Amino acid sequence: MQMSDIVISGTGLYTPPESISNAELVKAFNEYVDRFNSDNAAAIEAGELAALNHSSEEFIVKASGIKSRYVVNKSGILNPERMLPEIPERNNDQPSVQCEMALAAAREAMAQAGKSARDIDAVIVAASNMQRPYPAMAIELQSALGIKGYGFDMNVACSSATFGLQQARDAIANGSARCVLMVNPEICSGHLNFRDRDSHFIFGDVCTAVIIERRENASSDDCYRIIDSKLQTIYSNNIRNNFGFLNRCDESAVGSRDKLFVQEGRKVFKEVCPAVARQITEQLETLAIEPNSLKRLWLHQANLSMNQLIAKKVLGREAQPSEAPTILDEYANTSSAGSVIAFHKHRADLQSGDRGVLCSFGAGYSIGSVVLEKC
């Protein structure tokens, strides 16, 4: 079996029912700022504490291109006294929140691919954060769907989905699986600091799912051959989240800022964009594919300016909106799921033989690029 005989035969998307506009988010944030500055007026006046600054809709759109985001809980985030989602713990005999999200996305992907549980023999849950270390979310999802075989979790932050695609492709190529379900349940609002002006607007919640299998076993009319996949990691502290099980071993650090998402945005932009463009360009050169022959770039949806710059470097010109579709204006940054959402929503017009690149990039740094061809 050649690697090129492996295809994506279906995708699924779960979108939470609640959405927060920039206006709503800014209103809650600014109320928090006013309360903070009022409560700490004496310390601010004495120079012991810095006053916080308001956010604005204009600032958010200019900085990111984001206009709204879907979340699993809206009221907790917009409460100035709380500013984080309210997600009650569930009993151990109830489906976990991530499993519940994953079920919806997985069932759509399976229906699109024309697959039942008996056709799938491996489940990968790839996401930036898991709500527990074990049992694996993948094994819970596998059980809920009635799939036999094996499952495991993996985390490569915003590149988890593309790295998951590579693991699925490798498993099929080496014979350890015939058909793989790869799912990305991202509850990014749970690790976002909504009291940080520089990042309070970045993330949203969502779940995507992908079916990967051998072309000869596919029954879907909408298959995409995986021509090539390439992974790269470069160590950097510029995007970081230090939350983990060892936090309880040092009480002095509990609740500190670095236990949530933090980043040096300017450094990330400067370092990641050229690295991503270079990886895609070199990959296409190796495959003897002309960049201008690509019909689509399904890029990680973190920041509009990053995507526009990467597309320009790859194509050698400004990309048309249809060539590098944007979904982050509606969904915001959904970590690993972003490029899969773009692929899910923006491929219906492709014809047999058309090619595109699905690419992610993020903390690590991690970069994953998958070259696809419509069957």
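Before I turn to the structure, one definition: a residue is called buried when its relative accessible area is under 20%, and exposed when that value is over 50%. With that in hand, let me start from a single residue of this predicted model, serine 9, which sits in strand 1. Its relative accessibility is 0%, so serine 9 counts as buried. Leaving aside residues up to four places away in sequence, serine 9 is in contact with Gln112, Ala113, Ile211, Glu213, Ala218, Ser220, Asp222 and Cys223.

Strand 1, which covers residues 6-14, runs antiparallel to strand 7, residues 205-214, and eight bridges join the two. One of the positions to look at along this pairing is leucine 13, whose bridge partner in strand 7 is threonine 208. Helix 4, residues 97-113, lies across strand 1, strand 7 and also strand 6, which is residues 179-187, and the helix runs at about 130° to strand 1. Helix 5, residues 137-145, packs on the sheet as well, where it touches strand 4, strand 5 and strand 6, and its direction makes about 140° with that of strand 5.

What is the order of the strands in this open sheet? There are nine of them, arranged as 5-4-6-7-1-8-13-12-11, and the pairing is mixed. The edges are taken by strand 5, residues 150-154, and strand 11, residues 296-299; each has a single partner strand, so one side of each is left without a neighbour in the sheet. On average, and ignoring direction, neighbouring strands of this sheet are turned by 25° against each other.

Let me stay for a moment with strand 4, residues 122-126. Five of its five residues are buried, so strand 4 is largely enclosed by the rest of the structure. Ala122, Ile124 and Ala126 point one way from the strand, while Val123 and Val125 point the other way, and all of them are buried. Strand 4 pairs with strand 5 in the parallel sense, over five bridges, and within that pairing alanine 126 has methionine 154 of strand 5 as its bridge partner.

Next, helix 1, which consists of the 18 residues 22-39. Which residues of helix 1 are buried? They are Asn22, Leu25, Val26, Ala28, Phe29, Asn30, Tyr32, Val33 and Asn37. These buried residues pack against strand 2 (18-21), helix 2 (41-45), helix 3 (57-64) and strand 3 (68-71).

I would also like to point out some details of the backbone, beginning with the cis peptide bonds. The bond from tyrosine 134 to proline 135 is cis, with omega near 0°, and proline 135 is in the loop between strand 4 and helix 5. Glycine 364 and tyrosine 365 are likewise joined by a cis peptide bond, with omega about -10°, and tyrosine 365 is found in the loop that lies between strand 12, residues 355-362, and strand 13, residues 366-374.

Alanine 288 has phi near 60°, a positive value in a residue other than glycine, and alanine 288 lies in the loop between helix 7 (265-286) and strand 11. Alanine 332 has phi near 65°, again positive in a residue other than glycine, and its place is the loop between helix 9 (328-331) and helix 10 (338-345). Are these two alanines buried or exposed? Alanine 288 is exposed, with a relative accessible area of 68%, whereas alanine 332, at 0% relative accessibility, counts as buried.

Finally, the protein as a whole. It has 10 helices and 13 strands. Its radius of gyration is 21 Å, close to the 21 Å that the globule rule gives for 375 residues, so the protein is as compact as a globular protein of that length. Taken along the principal axes, the C-alpha atoms fill a box of roughly 70 × 55 × 35 Å. Of the 375 residues, 52% count as buried, and the protein exposes about 16,800 Å², of which carbon and sulfur atoms supply 48%. Among contacts between residues at least 6 apart in sequence, 78% join residues at least 24 apart.

Terms used:
Residues numbered from 1 in each chain as written. Predicted model: local features only at pLDDT ≥ 70, side-chain atom pairs only at ≥ 80, totals over all residues. Heavy atoms only, no water. Pairing = 2+ DSSP bridges. Helix = DSSP H or I, 4+ residues; strand = E, 2+ residues; numbered from the N terminus. Axes fitted to C-alpha atoms, helices over the stretch in contact; angles between N-to-C directions. Contact = heavy atoms within 4.5 Å. Expected span 1.5 Å × (residues − 1). Buried < 20%, exposed > 50% of the residue type's maximum accessible area, 1.4 Å probe, protein only. Rg over C-alpha atoms; globule rule 2.2 N^0.38 Å. Areas by Shrake-Rupley, 256 points an atom, 1.4 Å probe, with all protein chains shown as cover.
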